[in-house]
Protein chains: 2
Amino acid sequence: MSNAPTLLREQEVFATPWFSLMARTWAENSPPHYCIRTKDYVSVVAITKDRKLILVRQFRSAVGRETMELPAGHVEPGQTPEEAARLELSEETGHRAERFTLLGELIPDTGRMSNRMWCFFAEDAEPIKDHEPEAGIQVVLHDGPIGRVLTDGMEHALNLAAILLATLSGRLAVDLSRTTTREPA
Amino acid sequence: MSNAPTLLREQEVFATPWFSLMARTWAENSPPHYCIRTKDYVSVVAITKDRKLILVRQFRSAVGRETMELPAGHVEPGQTPEEAARLELSEETGHRAERFTLLGELIPDTGRMSNRMWCFFAEDAEPIKDHEPEAGIQVVLHDGPIGRVLTDGMEHALNLAAILLATLSGRLAVDLSRTTTREPA
């Protein structure tokens, strides 16, 4: 955009261990816009060899209850997004996969968040022997169809964006039992 | 969950005109969890009579550049989510539609945000006569397929979640030219 504003000042007004609240000034004598600065997100659409979608149940403070979600987390300093995705899949679910494919890089919330979300597809995932389960996380293997995964309680919008990318790419069938784990359409 | 934590204290630690940063304590002698409290979101998947998806281009401070998105906004006090969705469609895009259908109610970001996102499908949308365009917003009518809408720059994850709900409900075809605007599958 030719007339895009120029950032004049950016100030951290509050810091938490997980994110910072930033005040951004785009024009003199105008009030700042506030946004959240945090590490990039990764989300993993992972399918087992027998075509089950790997999900996690956990208590979420922000919404005050349990949710059912894709394995996901932050990209830590020094990690590539794919390394972060592999680590989240193994730590949260006790599964590993050879092949990770980048589905796309999205913006989590254009109005509030300045970070990116990296969406991966992991195929032929298999259990890791002697995995130590992560406290507070319950692993759910869901055999779809995707519509039923949603009505069964998957309601995290960022996850559903990753699911859309996986289905549009031909890697994930809307009916999971038709998902082939080698040859995307 | 039988052993779900109980919220002991919640404190607003920073307020902006658009949202508040909340510190939530779930256990004595434990550090708080921080989350963002704001009004609920609405997102509108709106299709014109000639099967074009109605999008808006605008500069977004949080990401420092222009984005292409669904019409969306907050549910203001006293509004129902559907009223908010109708207002956003008309104000941002200069279009109106008789029939709005609730596609689903999602969580925008289970890790950070405590609000909800209401996703609507609006069909047979038509231009409002003498509409005064909103400053800084450019309306884009896209004739898909959905995969091309994405590669053309629609990268807002919350929007893609609404698109997934619209396609799974049978109201939006992945190839927009096949979207029928009366009889969902």
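Residues are numbered from 1 along each chain as its sequence is written, and chains are lettered from A in the order in which they are written. Because the model is predicted, local features need pLDDT of at least 70 and side-chain atom pairs count only at pLDDT 80 or more, while totals for chains, interfaces and linings use all residues; side-chain values use heavy atoms, with hydrogens and water left out.

**Stop 1: chain A**

Select chain A and colour by secondary structure. Walking from the N terminus, the order is β-β-β-β-β-β-β-α-β-β-β-β-α-α. The C-alpha atoms fill a box of roughly 60 × 40 × 35 Å along the principal axes. Of the 185 residues in chain A, 54% are buried (under 20% relative accessible area; exposed is over 50%, partly exposed in between, with a 1.4 Å probe and protein chains only). Take the contacts (heavy atoms within 4.5 Å) between residues at least 6 apart in sequence: 58% of them join residues at least 24 apart.

**Stop 2: the two H3 helices**

Now select residues 157-168 in both chains, which gives you H3(A) and H3(B). Their axes come within 7 Å and cross at roughly 65 degrees, with axes fitted as lines to C-alpha atoms over the stretch in contact and angles run from 0 to 180 degrees between N-to-C directions. That makes H3(A) roughly perpendicular to H3(B) (65 to 115 degrees; under 35 is roughly parallel, over 145 roughly antiparallel, and the rest oblique). The crossing is left-handed, meaning that the near helix is turned anticlockwise from the far one by less than a right angle.

Show the side chains here. On the H3(A) side, the residues that meet H3(B) include A:Leu160, A:Ala161 and A:Leu164; on the H3(B) side, look for B:Leu160, B:Ala161 and B:Leu164, among others. The contact divides into 14 nonpolar residues, no polar and no charged (Ala, Val, Leu, Ile, Met, Phe, Trp, Tyr, Cys and Pro count as nonpolar, Asp, Glu, Lys and Arg as charged, and the others, Gly among them, as polar).

**Stop 3: B:Ser90**

Jump to helix H1 (residues 81-93) of chain B and pick B:Ser90. B:Ser90 is buried, at 19% relative accessible area. A polar atom of its side chain lies 3.0 Å from the backbone oxygen of B:Leu87. Leaving out residues up to four places away in sequence, B:Ser90 touches B:His95, B:Ile128 and B:His131.

**Stop 4: A:Arg51**

Back in chain A, select A:Arg51 in the loop between strand E4 (41-48) and strand E5 (53-60). Its phi is near 65 degrees, a positive value in a residue other than glycine. A:Arg51 is partly exposed, at 34% relative accessibility.

**Stop 5: B:Lys49 and B:Asp124**

Finish in the E4–E5 loop of chain B with B:Lys49, which is exposed at 55% relative accessibility. B:Lys49 touches B:Asp124, B:Ala125 and B:Glu126, not counting residues up to four places away in sequence. From B:Lys49 to B:Ala125, the C-alpha atoms are 6.1 Å apart, across 76 residues of sequence. B:Asp124 sits in strand E10 (residues 117-127), and it is buried at 14%. Check its phi too: near 55 degrees, and positive.

Terms used:
Helices (H or I, at least four residues) and strands (E, at least two) are DSSP runs, numbered from the N terminus. A polar contact is a pair of N or O atoms within 3.5 Å; within protein, one must be able to donate a hydrogen and the other to accept it, and residues adjacent in sequence count only if both atoms are side-chain atoms.
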